[in-house]
Amino acid sequence: MAKPILLVTRKLPEAIEARAARDYDARLNPQDEPWSTDGAEIARRATAIKADGILGAAGDKLDATCINALPDSVKVIATFSVGFDHVDIAAAKARGIVVVNTPEVLSFATAECAFTLLLMAARRAVEGEALVRSGQWHGWAPTQLMGVTLEKKKLGILGFGRIGRELANMARGFRMEIHYRDMQRLPPDLEQGAIFHDNEDSFLSTIDVISMHVPGGEGTRKWLNAERLAKMKAGSIVINTGRGPSLDDEALIAALKSGHIRAAGLDVYDGEPKVNPGYLPLQNVALLPHLGSATIETRDAMGHRALENLDAVLLQGTAPPHRVA
Ligand code: 8YV
């Protein structure tokens with residue numbers, strides 16, 4: 001029997017491409033850059049090869065226009081990400097196209113990235129790095145580039161899902177006090193002593209750091225805005241490894257300039273790969289290029305997870321384990 005045809009929009013780790021090529025008639029993308037994240041182009045390519053499945057990634061515009069233009073041969077879309085705000089779920093459902101994602105395997109790596117940014121922000125790593133590289137460092141001085149310690153600080157986790165809870169575990173090792181806000185209070189075995197706030201104002205005014213772990217989409221758009229930033233204590237830190245649009249860049253830039261927000265660490269951006277130019281001259285913000293899940297181990301695990309899900313639909317005819325639509 002002919003192997004199912006799989007359109008792969010991005011270059012993937014070697015082991016994943018090898019597995020895809022072994023089990024599918026895989027049309028791989030050999031380039032490091034996507035040939036296009038444009039939905040119309042994805043649909044055009046899927047049509048040209050009569051794809052049975054698509055393996056895409058966050059940033060691919062799998063919107064209604066794309067999904068409605070896909071050929072009837074497409075039965076499943078897998079996204080190489082846990083987030084699926086770039087996929088129009090309603091349009092996929094309406095066409096009977098299954099959508100699957102890659103949860104769990106990236107939780108630790110993404111939390112690790114958030115913690116990296118938190119340490120960079122608290123300990124002024126961006127300024128320190130720049131000073132050494134500039135050749136202008138004239139030696140140790142008692143008051144040079146003093147940051148703040150994380151010990152005993154209150155970490156506010158917005159969205160206490162798998163990634164938020166991994167971050168909480170790391171922060172416990174730094175003797176931070178964990179506070180969280182979520183749709184509802186979690187059971188004690190998941191809370192592990194973290195303090196739930198059912199009141200947004202109490203959450204914002206209590207914490208020293210906010211780390212954002214909420215999904216993208218209209219429900220969270222510009223959630224962290226000027227009004228909410230103003231409710232945080234002076235000298236707080238903002239970390240975002242969730243989705244860029246959930247914070248208001250102009251408001252954060254103003255707060256970083258005034259010092260009301262001491263420092264920030266960002267891995268995701270509204271409209272990425274574009275980055276609001278207002279951040280670039282600021283030394284109190286650490287900027288990473290969406291590296292949340294970028295470890296060798298995690299990217300392999302994500303690839304295998306995506307393929308397990310595709311296999312269920314296209315090879316085994318069984319229910320995929322991580323179906324979001
Ligand atoms: C992905 C992410 O690796 O999984 C997600 O939702 O944001 C990332 O860590 C990246 O978006 C590629 O799809």
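Which residues does the UniProt annotation "domain: D-isomer specific 2-hydroxyacid dehydrogenase catalytic" cover? According to the record, an unreviewed entry, the annotation covers residues 38–324. UniProt positions follow the numbering used here, feature names are shortened, and annotations may be inferred rather than shown by experiment.

**Figure 1. The whole chain.** This is a predicted model: local features need pLDDT of at least 70, side-chain atom pairs count only at pLDDT 80 or more, and totals for chains, interfaces and linings use all residues. Residues are numbered from 1 along each chain as its sequence is written. The protein chain has 12 helices and 12 strands. Helices (H or I, at least four residues) and strands (E, at least two) are DSSP runs, numbered from the N terminus. Over residues 38–324 the chain is 38% helix and 14% strand. The end C-alpha atoms of that stretch are 22 Å apart. Along the principal axes, the C-alpha atoms of the protein chain fill a box of roughly 70 × 50 × 30 Å. A compact globule of 325 residues would have a radius of gyration near 20 Å, and the 21 Å of the protein chain agrees. That radius is taken over C-alpha atoms; the globule rule is 2.2 Å times the number of residues to the power 0.38.

**Figure 2. The sheet of 5 strands.** This open sheet has the order E2-E1-E3-E4-E5, with parallel pairing. Strand E2 (25–27) and strand E5 (98–100) stand at the edges with a single partner strand each, so one side of each is left without a neighbour in the sheet. The twist averages 20° from one strand to the next. Two strands pair if DSSP finds at least two bridges between them. Strand E1 (residues 5–8) and E2 run parallel and are joined by 3 bridges. Leu6 stands opposite Ala26 in E2.

**Figure 3. Helix H12 across the sheet.** Helix H12 (residues 296–316) lies across E1, strand E3 (53–56), strand E4 (76–79) and E5. H12 runs at about 170° to E4. Axes are lines fitted to C-alpha atoms, for helices over the stretch in contact; angles run from 0 to 180 degrees between N-to-C directions. Contact means that the C-beta atoms of two residues, placed from the backbone, lie within 7 Å.

**Figure 4. The sheet of 7 strands.** The order in this open sheet is E8-E7-E6-E9-E10-E11-E12, and the pairing is parallel. Its edge strands, strand E8 (195–196) and E12, each pair on one side only. Strand E9 (residues 209–212) runs parallel to E10, joined by 4 bridges. Ser211 has Ile239 in E10 as its bridge partner.

**Figure 5. Helix H11 and its cover.** Asp249, Leu252, Ala255 and Leu256 are buried in helix H11 (residues 249–258). Seen down the axis of H11, these buried residues fall within an arc of 130°, so they line one face of the helix. The arc is that of the directions from the helix axis to the C-beta atoms. A residue is buried if 20 or more other C-beta atoms lie within 10 Å of its own, exposed if 12 or fewer, and partly exposed in between; C-beta atoms are placed from the backbone. Exposed Glu250 and Ser258 sit on the face turned away from the buried side. The cover includes helix H10 (226–231), strand E10 (236–240), strand E11 (261–266) and strand E12 (285–287). Just after H11, Gly259 takes a positive phi of about 90°.

**Figure 6. The loop at Asp198.** Asp198 lies in the loop between E8 and helix H9 (200–206). Asp198 is exposed, with 10 other C-beta atoms within 10 Å.
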